[in-house]
Amino acid sequence: MRNVTLTIDGQKITVPEDYSVIQAAKELDIDIPALCYDPNLDIVAACRMCLVEVEGSRKLETSCSLKVKDGMVVHSETDKVVRARKDILQMLLDSHPNDCLTCQKAGECLLQKYSYRYDVKFRDHDGAMRPELLDTSSPYIFKDNSKCILCGKCVRTCSQVKGEREVLAFAERGYDTRIVLDADQTFETSKCVSCNRCVTVCPVGALVDKRQLGKIRNWEADKKTIQCKVCAYGCEFEVLSKNKKKIGVRAKAPANGRPLCLKGRLTTELLNIDNPDKPYRKIGGKFVESTWAKAIGLSDVMEKIEKIENTNE
Ligand code: SF4
Ligand code: SF4
Ligand code: SF4
Ligand code: FES
């Protein structure tokens, strides 16, 4: 592949020609804010937080979707760019609950991070607020639509696992747009498999891991990345600890060719957490408390082992 050389904020960089401007900026340690961009997902350029000025172009460009070009000159933090980002953030905050004090995502939330960076604040107004639409049906995931910024990352990651998942989708239009599961089901009644991929990519507190609620937040945790031991592919999980107590397991990244799964996360919890919550299985559209052996698919194996051992005695 051909390389191209461009200039970002006065610094020259040479990168492969299929790079986007945001990727090239990252190589220079220039942190362009982005809410809907994830290098592992399709690019949709929906949030417009990553706008930059490109010399020769009259409009601001989304750096996540803009491919690099030879001789391109990019400015990532001009007054015009900052004004546009502030407007976007203000619009998001104006319909967002002021809940940062108790939000599970505080400390790693991108909306919080960028609002701080650009000094944008919650304000009183008479306009509409997103209604509080909570889904508390799952023992694994808590969904709060009022915090959703409609970046669509959850929809894209869920739909990467074709056939088996593809649970999440956008519903309704305009201000009423929201994320739904299987034509407006809950986590319990939909075909969601509780893999937590959507939780992992959500940049705000709209989708959070329920097993960590009130126990530990990402910023305060000591983190250790480990590979799942259930199959040879080894999806990645993070063990979260505080004061030397292992408190939670967070789905981190699927392995190449594997999708991340509940069995892997529960097994990782069982092997690594000091006091794991009880496991649940979904049976006939209902979450049912389970034994660990059943939840991680070991009950048949254990029965067989017991049978063999009893026969040999
Ligand atoms: S999602 Fe982010 S901005 Fe919203 S309440 Fe939680 S921490 Fe604050
Ligand atoms: S937990 Fe997994 S299957 Fe369920 S909605 Fe999220 S990504 Fe889709
Ligand atoms: S739930 Fe989270 S990941 Fe999904 S669209 Fe809303 S903010 Fe984005
Ligand atoms: S990150 Fe580029 S448009 Fe959202």
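On a 1 Å grid over the protein atoms alone, a pocket is an open set of points where a 1.4 Å probe fits, with protein on both sides within 12 Å along at least five of seven lines, and its lining residues have an atom within 4 Å of a point. The second largest pocket holds about 400 Å³ of space, a volume being the space filled by probe spheres set on points that are joined across faces, edges and corners. This is a predicted model, in which local features need pLDDT of at least 70 and side-chain atom pairs count only at pLDDT 80 or more, while totals for chains, interfaces and linings use all residues. Residues are numbered from 1 along each chain as its sequence is written, chains are lettered from A and ligands numbered from 1 in the order in which they are written, and side-chain values use heavy atoms, with hydrogens and water left out.

**Second largest pocket**
- Its lining comprises 16 residues, with Met-91, Leu-92, Arg-130, Ile-149 and Leu-150 closest to the centre.
- By class, this lining has 11 nonpolar (Ala, Val, Leu, Ile, Met, Phe, Trp, Tyr, Cys, Pro), 2 charged (Asp, Glu, Lys, Arg) and 3 polar residues (the others, Gly among them).

**Largest pocket**
- The largest pocket holds about 910 Å³ of space, and of its 33 lining residues Tyr-37, Asp-38, Pro-39, Asn-40 and Lys-153 lie nearest the centre.
- Helix H1 (21-27) gives the most to this lining, with 4 residues, helices being DSSP runs (H or I) of at least four residues, numbered from the N terminus.
- The lining has 16 nonpolar, 5 polar and 12 charged residues.

**Ligand 1**
- The residues around ligand 1 (a heavy atom within 4 Å) include His-96, Asp-99, Cys-100, Cys-103, Cys-109 and Lys-147.
- This shell has 7 nonpolar, 3 polar and 2 charged residues.

Technical notes: Helices (H or I, at least four residues) and strands (E, at least two) are DSSP runs, numbered from the N terminus.
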